[in-house]
Amino acid sequence: MKAFFIVSLICCGLNAQILKGLKAQGLSVELELLLKHLSNSKDITSEQAAVTVGAASLINEDLSKTPKSNVLFLIKSEIYKGLLNNQHLPRKDEILINETLVKSIESKVEKHAEIYSEFAYWIANSVIEELAPYRSDKFLDKYQTIDRSNLKSRARAFELQRIAKYLSPWLLALNENSPEDFNKLVSDIAVDTLKGLSKKSFYFREFTSKNSSTTLGPIITIPSITPAVQEQPGLPSASLELKKKNKLNETKKAVDILEKLPEDPSGGIDQLLEKQKGESSEGDGSEKQWTPK
């Protein structure tokens with residue numbers, strides 16, 4: 001059924017513009033940014049648009065009667081898993097991570113902040129932020145040549161090497177790609193991640209109690225499959241500088257929200273699940289969530 005649905009959408013010439021109304025219903029900030037990225041992407045192919053709509057439909061169907069805490073856990077874990085291990089990320093045997101490389105990437109991201117999507121900008125800043133504890137004392141430049149008899153330094157170097165294994169592909173992608181190409185890479189990864197989430201949602205549905213009274217309703221708003229409204233030629237538009245300013249402000253706000261997260265992902269998940277038991281979906285904004293560590 002799923003394959004038939006997707007093929008039908010492709011045959012109907014589904015255009016990436018159909019994703020314009022795609023958005024999350026406030027359950028996960030990460031999912032909101034991912035869907036907003038896809039909604040605004042100009043690089044999505046018809047096939048990717050079809051896969052995205054099909055995956056979103058399955059997620060809505062499978063998780064509509066799943067407890068909210070379980071849905072939140074699934075969404076967050078699958079998004080971070082998709083970001084850290086994806087077929088589209090560049091792979092090389094070795095990359096030398098040092099302060100020069102990180103500073104160069106940091107400068108590039110800030111210089112072109114208005115070009116990166118909010119999701120891409122958040123990913124870039126999250127990667128850089130993960131390395132912050134090793135930059136303050138210049139450990140990033142000396143961890144490969146430390147005194148091996150110093151057990152504390154050895155343990156710290158091992159920890160950094162373990163982190164670098166997951167961050168290196170993103171550092172490479174940020175360093176070697178233009179902001180536009182990086183956005184395209186993020187689009188490919190976002191489609192794959194949503195597809196992976198839809199596969200896992202089936203198992204969550206199967207293990208949810210048949211007598212569950214939970215009803216979340218649609219988790220993702222899916223736009224109607226109708227021709228997108230084209231921008232009318234000749235109409236006045238905002239200046240380029242104003243657009244850049246607004247885009248930058250929106251991006252920084254989104255990143256600020258996602259940076260209010262604790263360091264331990266497992267602890268963050270426990271906190272999120274515990275919070276869901278006793279509180280409504282609307283919080284006071286002071287709660288911390290989970291970073292991609």
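Author: A residue counts as buried when its relative accessible area is under 20%. This is a predicted model.

Reader: How much of the protein counts as buried, then?

Author: Of its 293 residues, 43% are buried.

Reader: What secondary structure does the protein have?

Author: It has 10 helices and two strands. Along the sequence, the order is α-β-α-α-α-α-α-α-α-β-α-α.

Reader: Which residues touch the most other members of the largest nonpolar core?

Author: Phe 182 and Leu 194 do, in a core of 66 residues. Helices 2, 3, 4, 5, 6, 7 and 8 each give at least two residues to this core. Helix 7 gives the largest share, nine residues.

Reader: And what does Phe 182 touch?

Author: Leaving out residues up to four places away in sequence, Phe 182 touches Tyr 116, Ala 120, Ile 123, Trp 170, Ala 173, Leu 174 and Asn 177.

Reader: Switching topic. How many salt bridges are there?

Author: A search of the whole structure gives eight. Glu 78, Lys 81 and Lys 200 are linked in a network of them.

Reader: How far apart are the closest N and O atoms of Glu 78 and Lys 81?

Author: They are 3.1 Å apart. Both residues lie in helix 4, three residues apart, about one turn of the helix.

Reader: Where does Lys 200 lie, and where does Glu 78?

Author: Lys 200 is in helix 8 and Glu 78 is in helix 4. The two are 122 residues apart, so this pair links distant parts of the chain. Their salt bridge is 3.0 Å, N to O.

Reader: Is Glu 78 buried or exposed?

Author: Glu 78 is buried, because its relative accessible area is 9%, under the 20% limit. Lys 81, at 43%, is partly exposed. Lys 200 is partly exposed too, at 32%.

Reader: Which residue does Asp 188 meet in a salt bridge?

Author: Asp 188 meets Lys 184, at 2.9 Å, N to O. Both are in helix 8, four residues apart. Asp 188 is buried, at 12%, while Lys 184 is partly exposed, at 27%.

Reader: Last topic. Where is confidence lowest, and where highest?

Author: Helix 1, residues 2-11, is lowest, with a mean pLDDT of 44. Helix 5 is highest, at 96. The mean for the protein is 76, and 67% of residues reach 70 or more.

Reader: What about residues 226-239?

Author: Their pLDDT is below 50, and the stretch has five contacts beyond near neighbours in sequence. Residues 279-293 are also below 50, with 36 such contacts. Where pLDDT is low, predicted coordinates should not be read in detail.

Key: Residues numbered from 1 in each chain as written. Predicted model: local features only at pLDDT ≥ 70, side-chain atom pairs only at ≥ 80, totals over all residues. Heavy atoms only, no water. Core = buried A, V, L, I, M, F, W, Y, C linked by side-chain atoms within 4.5 Å. Buried < 20%, exposed > 50% of the residue type's maximum accessible area, 1.4 Å probe, protein only. Contact = heavy atoms within 4.5 Å. pLDDT = per-residue confidence, 0-100. Salt bridge = Lys/Arg side-chain N within 4 Å of Asp/Glu carboxyl O.
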